[in-house]
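Hi,

Here is the structure I said I would pass on.

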Amino acid sequence: MIITVKDNFGREISYLRISVTQRCNLNCVYCGREDCAKKAAELTPQQYFTIAKAFAKCGIKKIRITGGEPLVRNDIAEIVRLIRTIPEIETIALTTNGVYLKKYAKKLKAAGLDGVNISLDSTDGSTYRHLTGADVLKKVLEGIDEAEAVGLAPIKINAVLMKGVNSDGAGELISLAKGREIDVRFIELMPFSDEGENADLIVTGDEILRRFPFLSPVKGEDGTAKYYTADGFRGRVGLINPVTHKFCGKCNRVRLLCDGKVKPCLGYDTSYNIMPYIDDNEKLVNKIKSIILKKPAGHSFENMQAPHGLNRTGG
C-alpha cells in the first residue's frame, strides 16, 4: 500500500534529512567559525532505524544523511545498512565534505548507499584552505574519485560562492561536470542573522547564468535545483536559489536532528522532540504526522532572516 502524508498546504512529504552529528572535521567560514569538534547528543544506529521506520509509515521514501560531517561517525555504514532494510525507503543519499570519503565509499556502497553529495567550494588549494581551515583538498578530490570508482550515483558537488572570496573559481568548479557524470550545484549563501551580515557576499543564481551564458536549461527538470548543461558536458550544472527564488511551495522534506528533534522547516528555529515516543511505534507515527502538519508555508531567507544555529541543523 502506497502511503502519503500531506501537510496543511497540500505538499506531499516524502523526503527526510537525518543529521547524525553536529561534529565536523572542518571549520568553514560560512558556518560561523564555532567549535565544530564539540560533541552534542547523538542517537544510536538502532534509534535512527526505529525513527526512520516510523517516518516510512508516514510516506517517507527518500532519506539523506547529513551532519555536521556524517563521516566522523565510525558507525555510519551501520546506520546506512539498517535504513536500507526498510522496504518503503527507495533512496538513501549522504552529504559529506569528502575528507573521509575515500576511506568510507566502498563500505557505504556495500551498506546500501545510493548517491553522495560532496561539499566543495573551491578547487584552488589556498582558497580551499582559507574557506575550511584545513589543507585537505587532495583528500576530497581523491574521495570524489573513489565514489565514482565504487559506483555511488548520483554524485553531486555542492558549492557556496562568496563574492571576493571564491567566486572567481566558479569556472573551474563547472569544469568538473564537463568530462564526468557529476552534477556541480551552486547554492546561494544563506544569511546568519536578521541583520543580513553576509548579504553583500551572496552570489545569486542569476549572476552565475549571466557569467556563463553557454549554459542551457535541462528540459523537464523542476525540483529544488534548476539544472543546466552545455555542449560536450557529461554532467550538469545546478542552481539552488533559496534566497532569490524560494521553492517552498514544492518543498517535500522535514529534518531529524541528531538529538531526536524534528524540524518541519530549515528556515525556522521550531523543533519537536520525538524521543518520548520512540518505544511506542503507534504514538511515534502519530507524533510524526502531527509535526508534518505543522510545517510552515515557507522560510524568510529572502528577507535576510535565518534561524539560530543554522550551521548545526544539517544541510
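**What packs around α2**

The buried residues of α2 pack against β1 (15-19), α1 (45-56), β2 (62-66), β3 (91-96) and α3 (101-111). Those buried residues are I76, A77, I79, V80, L82 and I83, in a helix that covers residues 76-84. Here, buried means under 20% relative accessible area, exposed means over 50%, and partly exposed is in between (1.4 Å probe, protein chains only). Contact means heavy atoms within 4.5 Å. Helices (H or I, at least four residues) and strands (E, at least two) are DSSP runs, numbered from the N terminus.

Before you read on: this is a predicted model, where local features need pLDDT of at least 70 and side-chain atom pairs count only at pLDDT 80 or more, while totals for chains, interfaces and linings use all residues. Residues are numbered from 1 along each chain as its sequence is written, and side-chain values use heavy atoms, with hydrogens and water left out.

**The sheet**

The 12 strands form an open, mixed sheet in the order β7-β8-β9-β6-β5-β4-β3-β2-β1-β10-β11-β12. Its edge strands, β7 (216-217) and β12 (272-273), each pair on one side only. Two strands pair if DSSP finds at least two bridges between them. Strand β11 (residues 261-263) runs antiparallel to β12, joined by 2 bridges, and V262 stands opposite Y272 in β12.

Helix α5 (residues 137-150) packs on this sheet and touches β4 (115-119), β5 (155-159) and β6 (182-187). The direction of α5 makes about 155 degrees with that of β5 (axes are lines fitted to C-alpha atoms, for helices over the stretch in contact, and angles run from 0 to 180 degrees between N-to-C directions).

**Salt bridges**

Searching the whole structure gives 16 salt bridges, each a side-chain nitrogen of Lys or Arg within 4 Å of a carboxyl oxygen of Asp or Glu. Here are some of them:

- E12 and K61 have their closest N and O atoms 3.8 Å apart. E12 sits in the segment before β1 and K61 in the loop between α1 and β2, so the pair ties together parts 49 residues apart in sequence.
- D145 and R180 meet at 2.7 Å, N to O. Since D145 is in helix α5 and R180 in the loop between α6 (170-175) and β6, this pair ties together parts 35 residues apart in sequence. D145 is partly exposed at 40% relative accessibility, and R180 is partly exposed at 23%.

Cheers
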